[in-house]
Amino acid sequence: HASGPYAVENVRALTRAVYTNNSIAGAFRGFGVPQACIATEALMDELARQCGLDEWAFRFRNAIRAGQTTATGQTLHASAGLAKCLEALRPAWEQAKRNCLEFNAGAEQGGRFERRHALQMCGRKRRGVGIACMWYGIGNTVIANPSTMTGSVRCDGRLFLYNGAQEIGQGTQTIMPQIFADAVGLSVALVDQVMGDTDLTHDAGKSSASRQAFVSGNAAKFAGEDLRKQLCVLLKVGEGVQLRIEGTKLIAESVGKSVACVELTELPVNANGDVAVGHGYFNPPTVPLDGNGQGVPYATYGFATQIAQVEVDMDYGTVEILHIHAAHDVGRAINPTLVEGQIHGGIAQGIGMALMEEYINGRTDNLHDYLIPTVGDVPPITTHLIEDHEPLGPYGAKGVGEPALVATAPAILNAIRDATGVRVYEVPCTPARLQALLNTSAALDLSHTPHHSRPLAPLAGTGPR
């Protein structure tokens, strides 16, 4: 992911493993992509400045699109919605730039002109706007990560889903019955389910790598489609009919008229009371990377763009986030409310990464010293759900759980750079760190034309510029 979600013809990515005596670390939301994204998006901003281009326009020109190839040689045949995410946020970007320009102009006219050390400041507070893009491979990287689901109709007229996907707050227990019921062609209100029972459910894999909606969602869909076929066999009808359950009667209808009916209580059942059981299995198609790093590490990718508008107190180094706009390509939003909730939660954690959360080895041992965002730290959030259909996904869906976090911190850091002229290279950007950067920066010149006052460059053509 180090090259970012851009069409880059030549990539050289180096990593270094360092053995330390620090506390053991583990994966968190994003599995290393947030760290790479901070570096990449800072470079994108600086490249845009050196090219004399607006930061939004620079990203739009270089956004990877369907039909283009990633650094690992994988051609993205579909569902590469970064350009659509950028287009959705262009009005917000332009408005935020105007707001920052007007605010900072007023601060310069009404504020005091001070000289403190090497820093010249016009007014105590300044505003900036930052943008960041991200991509995230959905599922485990180049290794098998299958999911198996089963679903049934029972003699009492209820559908039952044997759901082995774990619920950790992301909404698995809600969307799996939705997908399953839709595939059967019956109401989700008829679905009961069991989760986390290894005696009854098959292995659906772990809830990580933003994989459950994509992988287990497909398994639930295939289980529903398999069950529908069996029910049509029971009814001795073609699969084009509409199914309905009244009490314990399974009914097939065509053009609003009943064409077949069976009484479920009269049919043989298994030990669980199931009349018919459908099975579904899905394992994302990937190709392991070769010695040159070429292959297909993920079957599909999530994409996003986020914009952060901040206000920085130049005296104290404090940062207030005024608004965040987020556009995420989710393929298909199976449950839009849950998708928005995931995005809000990821942004909250991204705020913590950017400004607050700092673990000091050997010293941090409680949530009094390790600060996490509260509701008072989360600004208004405007969410845009971009549905660039993923052919491999259940009804076009792919994951959003971890992508929700990735772009937040770099967008905030780029906004701080826009407001102050200084680049933060260490997170979290605490008031003490930012104040030190401001006090030691001899290069800051607030008489220059702010970057957010630049007009957008013409967008003739796409591809690397």
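Start by selecting Arg127 and Phe103: the charged end of Arg127 sits over the ring of Phe103, 4.1 Å from its centre. Keep in mind as you look around that this is a predicted model.

For another arrangement of this kind, pick Lys221 and Tyr395. Here the charged end of Lys221 sits over the ring of Tyr395, 5.2 Å from the ring centre. Stay on Tyr395 for a moment and look at its backbone. Its phi is near 60 degrees, a positive value in a residue other than glycine. You will find Tyr395 in the loop between strand S13 (381-386) and helix H7 (403-406). With a relative accessibility of 24%, Tyr395 counts as partly exposed.

**Aromatic pairs**

Now show the rings of Phe, Tyr and Trp. A search of the whole structure turns up seven aromatic pairs. Zoom in on Trp135 and Tyr301: their ring centres are 4.9 Å apart and their planes lie at 15 degrees, so this pair is stacked. Colour the chain by position and you can see that the pair links distant parts of it, with Trp135 in strand S3 (residues 125-137) and Tyr301 in strand S11 (residues 301-313), 166 residues apart. Are these two buried or exposed? Trp135 counts as buried at 8% relative accessibility, and Tyr301 counts as buried at 4%.

Next, select Phe222 and Phe282. They form an edge-to-face aromatic pair, 6.3 Å centre to centre with 65 degrees between the planes. This pair also links distant parts of the chain: Phe222 belongs to helix H5 (residues 212-235) and Phe282 to strand S10 (residues 274-282), 60 residues apart. Phe222 is partly exposed, with a relative accessible area of 28%, whereas Phe282 counts as buried at 9%.

From Trp135, step across to Thr70. Leaving aside neighbours within four places in sequence, Thr70 is in contact with Ile64, Leu76 and Trp135. Thr70 lies in the loop between helix H2 (55-62) and helix H3 (82-110), and at 8% relative accessibility it counts as buried. Show the side chain of Thr72 as well: a polar contact of 3.1 Å joins it to the side chain of Thr70.

**The largest pocket**

Switch to a surface view and look for the largest pocket, which holds about 1,200 Å³ of space. Helix H1 (33-51), helix H6 (336-356) and helix H8 (408-420) are the elements that give two or more residues to the lining. The largest share, six residues, comes from H1.

**Two backbone stops**

Finish with the backbone. Select Val427 and Pro428, where the peptide bond from the valine to the proline is cis, with omega near 5 degrees. Pro428 lies in the loop between H8 and helix H9 (431-440).

The last stop is Lys236, in the loop between H5 and strand S7 (242-246). Its phi is near 60 degrees, a positive value in a residue other than glycine. Is Lys236 buried or exposed? Lys236 is exposed, with a relative accessible area of 78%.

How values were computed
Residues are numbered from 1 along each chain as its sequence is written. This is a predicted model: local features need pLDDT of at least 70, side-chain atom pairs count only at pLDDT 80 or more; totals for chains, interfaces and linings use all residues. Side-chain values use heavy atoms; hydrogens and water are left out. Helices (H or I, at least four residues) and strands (E, at least two) are DSSP runs, numbered from the N terminus. Buried means under 20% relative accessible area, exposed over 50%, partly exposed in between (1.4 Å probe, protein chains only). A polar contact is a pair of N or O atoms within 3.5 Å; within protein, one must be able to donate a hydrogen and the other to accept it, and residues adjacent in sequence count only if both atoms are side-chain atoms. Contact means heavy atoms within 4.5 Å. Rings of Phe, Tyr and Trp (its six-membered ring) pair if their centres lie within 6.5 Å; planes under 30 degrees apart count as stacked, over 60 as edge-to-face and the rest as tilted. A charge sits over a ring if NZ of Lys or CZ of Arg is within 6 Å of the ring centre and within 35 degrees of the ring normal. On a 1 Å grid over the protein atoms alone, a cavity is a set of points where a 1.4 Å probe fits but cannot get out, and a pocket is an open set with protein on both sides within 12 Å along at least five of seven lines; lining residues have an atom within 4 Å of a point. Grid points are joined across faces, edges and corners, and a volume is the space filled by probe spheres set on the points.
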